[in-house]
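Here is a friendly briefing to read alongside the structure.

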Amino acid sequence: MNRITKFFASAVAAVALFFAFGQQAEAASPLRFGVKAGVSINEMKFNESAFSSSNRSGFTGGVTMQFIAPIINVGFDASVMYTHRSSRVYSDAPNQATGDFSALNVSRDYIEIPLNFRYNIGLPLIGKFVTPFLSTGPDFSFLVSNQNVKNAWNNKSFDFAWNFGFGVKIVNKVELAASYGLGINDSASGDSALYGPNPVDGKNRFWTVTAAWLF
């Protein structure tokens, strides 16, 4: 009976050690995968002072992966996201075709691929529970919705931006992050037949706030 008790005690200890080492290995792994979702707050910046834009909220969701080199805490993360962006565009001059002051809701759906370089800021004592990080990198967005709005506003099929972000990782599982996307190329343009011979182009400016769960 004593041997059976010792055997079961040893088996329980072995299983406990197996799970403990497995969790430590998972936590220490430099390569992680996860799911991510959040909100996107978009505004457009125009080359013409006659046009302006107000913030409108959208949504984003998808999958993510990250690699953080041990000790130096430097690495990258990459995601594939479905993102809906919306802006309210105003004209300070009357429409040449109708004579009215126009306002349009410009909505676009993208497959978005942000690729960020990251630095995890190690904190003494609480670093295992809370880890702040900084990130920056390119953002590639491919339009999957209609390319025009009421035949008056043309959305470009590709949008390129540069992200600047920060966030915090909690207990090595949950990440809360915010980033600002600075549009580089023109993401939309006004129809010259309606807005005159001078081209009207707009670039995306957007905040993205996300929560991620890492496996």
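**Strand pairing, cavity and buried residues**

In strand 12, Ser 189 has Asp 201 as its bridge partner. This is a predicted model, in which local features need pLDDT of at least 70 and side-chain atom pairs count only at pLDDT 80 or more, while totals for chains, interfaces and linings use all residues. Residues are numbered from 1 along each chain as its sequence is written, and side-chain values use heavy atoms, with hydrogens and water left out.

**Overall make-up**

- The protein chain holds two helices and twelve strands; these are DSSP runs numbered from the N terminus, with helices (H or I) of at least four residues and strands (E) of at least two.
- Read from the N terminus, the order of elements is α-β-β-β-β-β-β-β-β-β-β-β-α-β.
- Of the 215 residues in the protein chain, 36% are buried, where buried means under 20% relative accessible area, exposed over 50%, and partly exposed in between (1.4 Å probe, protein chains only).
- Taking contacts between residues at least 6 apart in sequence, 65% join residues at least 24 apart; a contact means heavy atoms within 4.5 Å.

**Strand 12 and its partners**

- Strand 1 (residues 31–46) pairs with strand 12 (residues 201–214) in the antiparallel sense over 13 bridges; two strands pair if DSSP finds at least two bridges between them.
- Within strand 12, Ala 212 is the bridge partner of Lys 36.
- Strand 10 (residues 174–183) is also antiparallel to strand 12, with nine bridges, and Gly 181 stands opposite Phe 206 in strand 12.
- Strand 11 (residues 188–190) runs antiparallel to strand 12 and is joined to it by two bridges.

**Strand 9 and its neighbours**

- Strand 6 and strand 9 run antiparallel and are joined by 13 bridges; here Leu 134 stands opposite Phe 166 in strand 9.
- Strand 9 pairs with strand 10 in the antiparallel sense over ten bridges, and Trp 162 stands opposite Leu 182 in strand 10.
- Three residues lie between strand 9 and strand 10 in their hairpin, and Val 171 in the turn has a positive phi of about 45°.
- In a regular strand the side chains alternate between the two faces of the sheet.
- The covered face of strand 9 has Asp 159, Ala 161, Asn 163, Gly 165, Gly 167 and Lys 169, while the uncovered face has Phe 158, Phe 160, Trp 162, Phe 164, Phe 166, Val 168 and Ile 170.

**Nonpolar core**

- The largest nonpolar core has seven residues: Met 44, Phe 46, Val 89, Leu 104, Val 106, Ala 188 and Val 200.
- Strand 1 and strand 5 (101–120) each supply at least two residues of this core.
- A nonpolar core is a set of buried Ala, Val, Leu, Ile, Met, Phe, Trp, Tyr and Cys residues joined through side-chain atoms within 4.5 Å.

**Cavities**

- There are two cavities of 30 Å³ or more; a cavity is a set of points, on a 1 Å grid over the protein atoms alone, where a 1.4 Å probe fits but cannot get out, and lining residues have an atom within 4 Å of a point.
- The largest cavity contains about 330 Å³ of space, a volume being the space filled by probe spheres set on the points, which are joined across faces, edges and corners.
- Its lining has 27 residues, and Lys 36, Asn 116, Ala 177, Ser 179 and Thr 210 lie nearest the centre of the largest cavity.
- Strand 12 gives the largest share of that lining, with six residues.

- Thr 131 lies in strand 6 and is buried, with a relative accessible area of 14%.
- Beyond residues up to four places away in sequence, Thr 131 touches Asn 120, Ile 121, Gly 167, Val 168 and Lys 169.
- Arg 108 is in strand 5 and counts as buried because its relative accessible area is 0%.
- Leaving aside neighbours within four places in sequence, the contacts of Arg 108 include Asn 42, Met 44, His 84, Ser 87, Asn 155 and Asn 204.
- Arg 108 and Ser 87 are 21 residues apart in sequence, and their C-alpha atoms are 8.9 Å apart in space.

Key. On a 1 Å grid over the protein atoms alone, a cavity is a set of points where a 1.4 Å probe fits but cannot get out, and a pocket is an open set with protein on both sides within 12 Å along at least five of seven lines; lining residues have an atom within 4 Å of a point.
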